[in-house]
Amino acid sequence: MVRVLYAGSPLASARTLEILIERAGQNGFEIAGVLTNPPSARGRHKTLVPTEVQDTAEKYGIPVFAPEHLDSAAREAVAAVKPDILVCFAYGHIFGPKFMELFKFGGINLHPSALPKYRGCTPVNAAILNGDKETAFTIQKVSRAMDEGNILVSEKVLLNGMETAESLLNDAAVRGAELFCPILKDISLRGNIAEGIPQTGEASYTGMISKEDAKLDWSKSSAEIDCAVRAYYPDPNSWTVENGTPLKIMAGISLSDEEVVSLGGDLNAEPGTVTFFSKQKGILVRCGRGFYGITKLQRQGKNAMDYKSFMNGAKDFIGTKFSF
């Protein structure tokens with residue numbers, strides 16, 4: 001039986017962990033322990049809240065390690081559960097050579113992109129932001145250099161232009177768990193890990209996303225605005241400035257000039273101007289090309305609202321000019 005140390009932190013990673021726990025025995029492995037980020041301070045009172053991965057592990061009585069750093073004390077604690085392999089999805093840290101020496105089979109990592117495209121920490125966001133028609137869910141071997149390990153399996157994923165970062169990451173979590181299982185079963189039967197295939201092609205890299213990255217530029221096309229809103233949902237959320245105050249834009253649709261003309265919209269408005277309210281299409285904002293129909297938004301200090309509820313309390317919203 002192969003002993004797995006699972007590493008991850010966010011909700012999507014917790015879903016992967018839960019599927020692995022459910023399928024462990026029948027696939028020749030067991031979860032010996034879980035490595036995750038330390039509890040973080042949240043809310044007005046800065047209450048320390050554990051990661052979703054820690055919550056899931058504790059629910060099943062699995063040992064949890066949540067160190068600030070993978071130092072000698074952390075390595076000693078992990079070594080005590082005698083793991084054979086590291087299985088990782090969205091842990092958020094690079095594993096050093098001393099840490100990787102703990103695993104006789106090394107490590108494998110789920111990376112939701114078609115490597116070597118979109119190496120780094122935000123591949124899902126990048127694929128949506130760039131309007132890609134397809135991406136991939138890839139299991140690679142953990143290497144010293146970020147996301148440069150050999151590929152064990154890669155499954156192409158077609159994108160329909162409606163995905164959000166949240167939905168695509170959740171899809172990766174489920175399908176990634178299904179991809180991990182046969183690899184772990186094969187290791188259990190063979191007693192070693194396959195060599196895998198070296199990555200080929202031009203590499204690109206993704207970095208951390210800042211709040212400023214998610215500020216909308218209404219001079220762009222409505223299609224680009226739509227990609228941005230979906231790429232940054234639910235964190236950090238796209239936003240704009242309404243009368244000097246941030247306004248989150250959380251969902252909507254891209255509309256052509258022709259579609260808006262048929263609804264009675266104004267094509268002469270400047271980009272960033274709220275021009276029209278359509279009960280079918282949302283709150284229409286003029287873009288550099290086309291219109292964006294906002295369907296979900298949130299004012300600072302308020303709850304998120306659908307566009308119809310929002311407009312019930314914002315009768316003077318039409319004509320607002322967003323700053324960008």
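I take two strands to pair if DSSP finds at least two bridges between them. The model I examined is predicted.

**Entry 1. Strands E12, E13 and E16**

I began with strand E13 (residues 245-255) and strand E16 (residues 291-299), which run antiparallel and are joined by 8 bridges. Within this pairing I found Ile253 opposite Gly293 of E16. I then turned to strand E12 (residues 238-242), which pairs with E13 in the antiparallel sense over 5 bridges. Here Trp239 stands opposite Lys248 of E13. I noted that E12 and E13 form a hairpin with 2 residues between them, and that Asn243 in the turn has a positive phi of about 50°.

**Entry 2. The open sheet**

I next traced an open sheet of 7 strands and recorded its order as E5-E2-E1-E6-E7-E9-E10, with mixed pairing. Strand E5 (64-65) and strand E10 (151-158) stand at the edges with a single partner strand each, so one side of each has no neighbour in the sheet. I also looked up what packs on the sheet: H6 does, touching E1, E2, E6, E7, E9 and E10, and its direction makes about 35° with that of E9.

For the individual pairings, I listed strand E1 (residues 2-7) with strand E2 (residues 29-35), parallel over 6 bridges. In this pair Leu5 stands opposite Gly33 of E2.

**Entry 3. Strand E7**

Strand E6 (residues 85-88) runs parallel to E7 and is joined to E7 by 3 bridges, with Val87 opposite Ile108. Strand E9 (residues 134-141) pairs with E7 in the antiparallel sense over 4 bridges, and Gln140 in E9 is the bridge partner of Asn109.

I recorded 5 of the 5 residues of E7 as buried. Both faces are covered: Gly107, Asn109 and His111 lie on one side, Ile108 and Leu110 on the other, and all are buried.

**Entry 4. Helix H6**

I checked the length of helix H6 (residues 165-190). At 1.5 Å a residue, its 26 residues should span 38 Å, and the end C-alpha atoms are 37 Å apart, which agrees. The buried residues of H6 include Ala165, Leu168, Ala172, Gly176, Leu179, Ile183, Leu184 and Ile187. Just after H6, I found Gly191 with a positive phi of about 80°.

I described each helix pair by the angle and the distance between the axes.

The axes of helix H1 (residues 11-23) and H6 come within 8 Å and cross at roughly 30°. Angles under 35 degrees count as roughly parallel, and H1 and H6 are therefore roughly parallel to each other. H1 passes H6 in a right-handed crossing. I listed the contact residues as Ala12, Arg15, Thr16, Ile19, Leu20 and Arg23 of H1, with Leu169, Asn170, Ala173, Val174, Ala177, Glu178, Phe180 and Cys181 of H6. Among the H6 residues in this contact, Ala173, Ala177, Phe180 and Cys181 are buried.

I then took up H1 and helix H2 (residues 52-59), which pack at an angle of about 25° with their axes 7 Å apart. That makes H1 roughly parallel to H2. The contact is made by Leu11, Ser13, Ala14, Leu17 and Glu18 of H1 and by Glu52, Val53, Thr56, Ala57 and Lys59 of H2.

Key: Residues numbered from 1 in each chain as written. Predicted model: local features only at pLDDT ≥ 70, side-chain atom pairs only at ≥ 80, totals over all residues. Heavy atoms only, no water. Buried < 20%, exposed > 50% of the residue type's maximum accessible area, 1.4 Å probe, protein only. Expected span 1.5 Å × (residues − 1). Axes fitted to C-alpha atoms, helices over the stretch in contact; angles between N-to-C directions. Parallel < 35°, antiparallel > 145°, perpendicular 65-115°, else oblique. Left-handed = near helix turned anticlockwise from the far one by under 90°. Contact = heavy atoms within 4.5 Å.
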